[in-house]
Amino acid sequence: MANDELKKRAAEAALEYVEDLDVIGVGTGSTIGYFIAALSRIKHRLDGVVSSSEATTQLLKANKIPVLDLNAVGPLPLYIDGADEVTHHLQMIKGGGGALTREKIIAAASEQFICTADQSKLVDILGAFPLPVEVIPMARSHVGRELLKRGGQPVLRENFITDNGNLILDVYNLHILEPAKLEAKFNNIAGVVTVGLFALRPADVLLLGTSDGGVQTIRI
Ligand code: 5RP
């Protein structure tokens, strides 16, 4: 079964968590594309959605789902997003699509975080997927040197500017045994806006599309 089919199943399974909610947060990526398509079927029940990226905003608008400002709606009951890697403890690497900063803000502002993914994203140890780090442009070289000192191999994401006008360094060569510690450590480098490690605030529920045609639910 193709990965896209597994993503679609996981994304559709997230729909039942929306139930009677008025406003939810929505992430970014291909899995979330399937979720938005499913959400459009019940959009009449929602006041709107807080979007994590310009790409998601375009998709929401194309589906005629109102996009709301996080400042106007306050804490959210639910955030639904994908991941590049996720562990059994529901700690994640995110930011493959470059939307990590807004994703982390919405995750922090939400009571419940549901991660939707295909089974290839489930890992024992984070780090095979290069860790995205959003960086203020003038700090690019400084942050790169600091990441090298900490054992990473930073590579500038070519021809890419984030929705916030910043750069992404993708950090290779990491074998992340203590995700929360590494998140705090990288966050402390001057010039880093956001680290794509979601360990201090992991997901609460993982919906994993599996090749047997089912959806596995993992909670912490
Ligand atoms: C975007 C993300 C995505 O959730 C992550 O890259 C997974 O994407 P996909 O659903 O396309 O596999 O963090 O910044």
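**Ligand site**

I began with Asp81 and found one of its polar side-chain atoms 3.5 Å from an oxygen atom of the ligand. The model is predicted, and I read each distance below as a computed value. I then looked up Gly82, where a backbone N or O atom lies 3.4 Å from an oxygen atom of the ligand. For Thr31 I noted 2.5 Å between an N or O atom of the side chain and an oxygen atom of the ligand. I also checked how much of the ligand is covered: taken alone it exposes 380 Å², and the protein buries 91% of that.

Next I listed the shell. I counted 17 residues around the ligand, and the closest are Ser30, Thr31, Asp84, Gly95 and Lys121. By class, the shell holds nine polar, six charged and two nonpolar residues.

**Glu103**

I turned to Glu103, which sits in helix α6, residues 100-108. Is Glu103 buried or exposed? I have Glu103 down as buried, because its relative accessible area is 2% and the cut-off for buried is under 20%. Leaving out residues up to four places away in sequence, I found Glu103 touching Gly27, Thr28, Ser52, Tyr79, Asp81, Lys94, Gly95 and Phe198. Two of these names were already in my ligand notes: Asp81, with its polar side-chain atom 3.5 Å from a ligand oxygen, and Gly95, listed among the closest residues of the shell.

**Positive phi**

I then looked at backbone angles. Most residues other than glycine have a negative phi. Lys64 has a phi near 60 degrees, a positive value in a residue other than glycine. I placed Lys64 in the loop between α4 (54-62) and β3 (67-68). I count Lys64 as exposed because its relative accessible area is 65%, and exposed begins over 50%.

Asn159 also went on this page, with a positive phi near 50 degrees in a residue other than glycine. I found Asn159 in the loop between β9 (153-156) and β10 (167-172).

**Asn71**

Last I looked up Asn71, which lies in helix α5, residues 70-73. How far apart are the C-alpha atoms of Asn71 and Val50? I read 9.7 Å between them, for two residues that are 21 residues apart along the chain.

Note on methods:
Residues numbered from 1 in each chain as written. Predicted model: local features only at pLDDT ≥ 70, side-chain atom pairs only at ≥ 80, totals over all residues. Heavy atoms only, no water. Helix = DSSP H or I, 4+ residues; strand = E, 2+ residues; numbered from the N terminus. Buried < 20%, exposed > 50% of the residue type's maximum accessible area, 1.4 Å probe, protein only. Contact = heavy atoms within 4.5 Å. Near = heavy atom within 4 Å. Polar contact = N/O pair within 3.5 Å; in protein donor to acceptor, adjacent residues only side chain to side chain. Areas by Shrake-Rupley, 256 points an atom, 1.4 Å probe, with all protein chains shown as cover. Nonpolar A, V, L, I, M, F, W, Y, C, P; charged D, E, K, R; others polar.
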